[in-house]
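Reader: I'm new to this one. Could you show it to me and take me through it?

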Amino acid sequence: MPPVVPPFLIGLIAAPLAKRLLKPLIRGVVTTSVGVVLEVKKAVHAAGENINDLAAEVVADVMATQIASVDGHRPADGEASKDKAGDRVEGEGRSSKIRTSTSAGKTQ
């Protein structure tokens, strides 16, 4: 019959070995996880900016189409987006364009 080794002796031997082997492994996993999370945050932020830009272009196209239909002139397919993209100033709010177009449609 083999000698019986008490479990606490196994723990005394295994604990320093586990610490020596697992600490770099866990540190690498945590470092990699943080790096992946930061990259995902950057990608989500960039995607959000692209969606906001796309939404602004669509709003500009719709507004140009509405204004042109009120004037009786329908722009060509690419004409509205080129005109509005060139006229838009960085930081200019969309709300002022919307207010002027909605107030122009009211009759009193």
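Reader: How many helices and strands does the chain have?

Author: This is a predicted model, where local features need pLDDT of at least 70, side-chain atom pairs count only at pLDDT 80 or more, and totals for chains, interfaces and linings use all residues. Residues are numbered from 1 along each chain as its sequence is written, and side-chain values use heavy atoms, with hydrogens and water left out. Helices (H or I, at least four residues) and strands (E, at least two) are DSSP runs, numbered from the N terminus. From that end the elements run α-α-α, so the tally is three helices and zero strands.

Reader: What distance separates the end C-alpha atoms of helix 1?

Author: Helix 1 covers residues 7-71, which is 65 residues. The expected span is 1.5 Å times one less than the number of residues, so helix 1 should span 96 Å. The distance in the model agrees with that: 89 Å.

Reader: Where in helix 1 is there a kink of about 30°?

Author: A bend is the angle between axes fitted to the seven residues ending at a residue and the seven starting there. In helix 1 the kink comes shortly before the proline Pro24, at Leu22.

Reader: Is Leu25 buried or exposed?

Author: Buried means under 20% relative accessible area, exposed over 50%, and partly exposed in between (1.4 Å probe, protein chains only). In helix 1, Ala56 and Met63 are among the buried residues. Leu25 also sits in helix 1, but its relative accessibility is 53%, so Leu25 counts as exposed.

Reader: Which residue forms a salt bridge with Lys42?

Author: A salt bridge here is a side-chain nitrogen of Lys or Arg within 4 Å of a carboxyl oxygen of Asp or Glu, and the count comes to one. The closest N and O atoms of the pair are 3.8 Å apart. The partner of Lys42 is Glu39.

Reader: What share of the 108 residues in the chain is buried?

Author: Using that same cut-off of under 20%, the share for the chain is 6%.
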